[in-house]
Amino acid sequence: MNNLMTTDNREIFFNVQEKDLYSPDGDYARDKKMLVREDTNRYMSVVNSKYRTVLNKEVLFPLQQQMVNHFDPMVLEDIQIKDHISKDGSVCFAEYILPKMKQTVETRTGHKTEVGLRYILKNTFDGSSSVVFYGGVIDFFCTNGMIAGQYDVTRKRHTKNFSVDGFIHAFDDTIKRHHTIVEQYQQWADTRIWDSKQVLDLYRTLTKGTAAEPKRKNGLSDRLYAQYLDEIQERGKNIFSVVSALTHYSSHDDERFSLTKRGDDATLLKREEQVSTWLNSKVFADYLQAA
């Protein structure tokens with residue numbers, strides 16, 4: 001059992017020091033400061049002097065307390081906690097998966113998928129991103145993650161007015177919306193696909209090609225379509241399979257969607273952000289309306 005209130009020994013809870021910055025001639029840089037990871041003494045970045053350093057534990061401790069307050073201990077007894085740290089800590093993701101918060105989605109083929117609840121907190125120490133909280137669902141059939149809906153993404157900039165309160169509210173909203181998200185999955189599972197070419201056209205457009213011609217760079221749209229053809233063998237020809245092909249791309253390092261040599265778990269989470277953008281795009285909304 002992962003006791004959420006006794007997980008403060010995780011690497012992701014490292015401290016960060018802010019240090020003054022000087023030129024080689026000894027001139028003090030008044031508008032800049034350097035961030036150094038305290039436990040390793042490794043340089044992380046140079047940021048604006050007004051940049052608000054937000055420690056991971058500053059957000060995660062209150063969120064974990066909120067989980068303890070909200071969920072029955074039986075729900076939390078098998079919670080899965082996964083931390084992803086890259087660039088010497090400059091980019092961090094903390095992921096919480098609650099398998100017991102699951103509901104079932106069934107397709108016309110009789111295929112059943114258990115869908116659970118999932119949270120991700122993204123934080124950076126190089127000025128590349130706001131602090132971002134994602135609340136969504138995860139498909140346990142093949143561990144496809146999904147950040148479901150714009151309302152489940154909360155961003156707060158690294159400024160002097162930063163407050164964790166917005167993330168607490170986002171957590172509460174996701175709990176309220178969880179059942180609605182699963183209902184959306186079921187609706188997708190019930191919506192049959194009659195024209196498979198429209199699926200290929202959709203993937204081409206989402207990946208910045210056109211319906212008539214894919215983007216040439218790496219054939220991503222064709223590989224997504226090949227994944228869709230695999231998905232329909234189990235889930236059937238429906239929008240759920242269309243979406244599952246996208247979420248497979250965002251959660252798997254396999255022969256079809258292999259990572260580069262420099263890729264890691266953080267790369268997969270970046271793919272999730274991309275898939276979230278696709279699923280909240282006008283292109284996808286228009287496709288749903290026409291389906």
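## Basis of the model

Residues are numbered from 1 along each chain as its sequence is written, and side-chain values use heavy atoms, without hydrogens and water. In this predicted model, local features need pLDDT of at least 70 and side-chain atom pairs count only at pLDDT 80 or more, while totals for chains, interfaces and linings use all residues.

## Overall make-up

The protein chain contains eight helices and nine strands; these are DSSP runs numbered from the N terminus, with helices (H or I) of at least four residues and strands (E) of at least two. Of its 291 residues, 50% count as buried, that is, under 20% relative accessible area with a 1.4 Å probe, protein chains only.

Contact means heavy atoms within 4.5 Å. Among contacts between residues at least 6 apart in sequence, 60% join residues at least 24 apart.

## Nonpolar cores

A nonpolar core is a set of buried Ala, Val, Leu, Ile, Met, Phe, Trp, Tyr and Cys residues joined through side-chain atoms within 4.5 Å. The largest such core has 35 residues, of which Val59, Phe71, Leu98, Tyr119, Phe133, Phe167 and Phe171 touch the most other members. Two or more residues are given to this core by each of β3 (42–48), α1 (56–70), α2 (73–76), β5 (91–106), β6 (112–124), β7 (131–139) and α3 (165–190). The largest share, five residues, comes from α3.

Leaving aside neighbours within four places in sequence, Tyr119 has contacts that include Met67, Phe71, Leu98, Phe133, Phe171 and Ile175.

## Helices α6 and α8

The axes of α6 (residues 239–251) and α8 (residues 282–290), lines fitted to C-alpha atoms over the stretch in contact, come within 12 Å and cross at roughly 160 degrees. The two helices are therefore roughly antiparallel to each other, a term for angles over 145 degrees. Ile239, Val242 and Val243 of α6 meet Phe284, Tyr287 and Leu288 of α8. These residues divide into six nonpolar, no polar and no charged; Ala, Val, Leu, Ile, Met, Phe, Trp, Tyr, Cys and Pro count as nonpolar, Asp, Glu, Lys and Arg as charged, and the others, Gly among them, as polar.

## Helices α4 and α5

Helix α4 (residues 196–206) packs against α5 (residues 220–235) at an angle of about 140 degrees, with the axes 8 Å apart. That makes α4 oblique to α5, the class left after angles under 35, over 145 and from 65 to 115 degrees are assigned. The contact involves Ser196, Val199, Leu200, Tyr203 and Arg204 of α4, together with Ser221, Asp222, Leu224, Tyr225 and Tyr228 of α5. By class, it has six nonpolar, two polar and two charged residues.

Conventions
Axes are lines fitted to C-alpha atoms, for helices over the stretch in contact, and angles run from 0 to 180 degrees between N-to-C directions.
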